[in-house]
Amino acid sequence: MINKSVWQKNFENYPQLINDIERETVIIGGGIAGFLTAFRLSEEGAKVTLIEADKIFSGTTSKTTGKISCNQEAVYFELYKKYGKETAKKYYLSQKNAQRGYLELIEKYNIDCDLVKADSYIFTSGYGAELKADYRLLITFGADCEWIENFSLFNSMFALRMKDEYMFDVLKFASALPKNFEIYEHTRAVKVDCGKNLIITEKAKIKAKNIIIATRYPIIDAHGGYIYKLRQSQSYLVAVKNKLTDDMYLDLKKDGLTMRPYLGGTLIGGEDNRTGRCSDKEKFRKIKEKAERDFRIDESTHIWSAEDVMTADGMPMAGKYWNGSDNIFVITGFNKWGMTNSLVCANLICDILLKRKNGNEELFAPNRKIKGSFSEYTKNAVTTFKNVVLGYCRITFENEKSLRAGDGKVIRYKGKKRAVYKDEKGKLYVIGSMCPHLHGELKWNSDSCYWECPCHGSQFDIYGKVISAPSTKHCKSFEK
């Protein structure tokens, strides 16, 4: 079984930035959101530079389910309760426009990206009132959808079916778009000096007129309050050989199943948890067991985990990084619907930079007042405080003898508290126990095989190399 996603492939290589440069617009983050923003701006004649810490599309984009879907749990009803019908409708139309936008690009550039039209189902085993309210709203928006009772799959009762949705291979799509902009890979931004509009990378500096932070989780802590507004969620996916369905399915429960066909096989996912707070193990086995209740599962070919940024109202944040910031922008918070929202936000940032009106500017404004968000902000603040303070204060007397092969734990190693992983041959990998971001104590995730920070979701490999933001620095590695 391969421990990576089915989408991951070898694409064109781009150089690393090693000399100081000055540029008009620099985008930090080479996922689909940053890439589409660079693409849209370059279409308008803007000079754009995109920098990526690893390889482009190597993060969440390569680990997606590839759904171009407007059927997003019960988000429209939630928005209706918070803001009213008009806001819910505007969000739905933004997703529908993004769906059409992908189809137009695929046709315009004749892109072969395994695009498939399919119906999507949101199902629930509960009472279903919230989902039915979502359905009633969608009907008034003109959505082509249907309410189903006595839904037989997944041991559920009700389902909301939305017709004529799409799924595709996002890496094939993105790699086929024209790249009339500059790209640097293996160029990690370790600091942004907002006063000087200066990006400091590991080997060079970039002076930029405009800076767009598209790193999934924002990396500038001094502004915007994102460490309180956002949280990171992790989900787990399994690819199996047999084709179980022609359509897309998603459980309304936060840790429920998601499923879609993939060429001759099927992708099955779920078992979500807040990053760094994976209290139970064997997520992949549990996913397969859930699917086996309704389907006969053949051999698994791939397993992987994916991380997403969640907002308190289910809508992304795109616009000025903070009030008064005229040249620094952010794209974040896709709530697991990154395909549609990446294109929506790319178009929005493009219009803002070109000083054009965009109907989504206020809707997705990072500084918007999110109703009912106090408890979410408080939880994020308490989580940070608890894990930082307790991480420093927590005493452990466990040593490397308490580690099983293939497991990681914060233990006392050579008299110091360290994060230690033991591989199957008994070799130890020792790194600092605190996240370099805001110094939360790291937790080991045995399914993703990463060290994770429970505060804001930074991830690190067994060598201490940073895998995902908001940390921009590696953990210190110690000799064994």
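The model is predicted: local features need pLDDT of at least 70, side-chain atom pairs count only at pLDDT 80 or more, and totals for chains, interfaces and linings use all residues. Residues are numbered from 1 along each chain as its sequence is written, and side-chain values use heavy atoms, with hydrogens and water left out. Helices (H or I, at least four residues) and strands (E, at least two) are DSSP runs numbered from the N terminus. Buried means under 20% relative accessible area, exposed over 50%, and partly exposed in between (1.4 Å probe, protein chains only).

**Salt bridges**

- A salt bridge is a side-chain nitrogen of Lys or Arg within 4 Å of a carboxyl oxygen of Asp or Glu; the count by this rule is 27.
- Glutamate 44 and arginine 356 form a salt bridge through their side chains, at 3.3 Å from N to O. Glutamate 44 lies in the loop between helix 1 (32–43) and strand 2 (48–51), and arginine 356 in the loop between helix 8 (338–353) and helix 9 (374–393), so the pair ties together parts that are 312 residues apart in sequence.
- Glutamate 44 is partly exposed at 43% relative accessibility, as is arginine 356 at 34%.
- A salt bridge also joins glutamate 149 to lysine 132 (3.7 Å, N to O). This pair links strand 5 (residues 145–149), which holds glutamate 149, with helix 4 (residues 129–140), which holds lysine 132, across 17 residues.
- Glutamate 149 has a relative accessible area of 46% and is partly exposed; lysine 132, at 24%, is also partly exposed.
- Between lysine 443 and glutamate 441, the closest N and O atoms of the salt bridge are 3.8 Å apart. Lysine 443 is partly exposed at 32% relative accessibility, whereas glutamate 441 is buried at 3%.
- Salt bridges link Arg40, Glu43 and Lys108 in a network.

**Positive patch**

- Lys191, Lys196, Lys205, Lys207 and Lys473 form a surface patch of positive charge. Patches are made of residues with over 30% relative accessible area and no salt bridge, like charges being joined within 9 Å and nonpolar side chains (Val, Leu, Ile, Met, Phe, Trp, Tyr) within 5 Å.
- Lysine 207 is located in strand 10 (residues 205–213) and is partly exposed, at 36% relative accessibility.

**Helix 3**

- Buried residues of helix 3 include Thr87, Tyr91, Gln95, Ala98, Tyr102 and Ile106.
- Asparagine 110, which follows helix 3, has a positive phi near 50°.

Conventions: Accessible areas come from the Shrake-Rupley method with a 1.4 Å probe; for residues, only the protein chains shown count as cover. Lys and Arg count as positive and Asp and Glu as negative; His and the chain ends are not counted. The place of a charge is taken as NZ of Lys, CZ of Arg, CG of Asp or CD of Glu.
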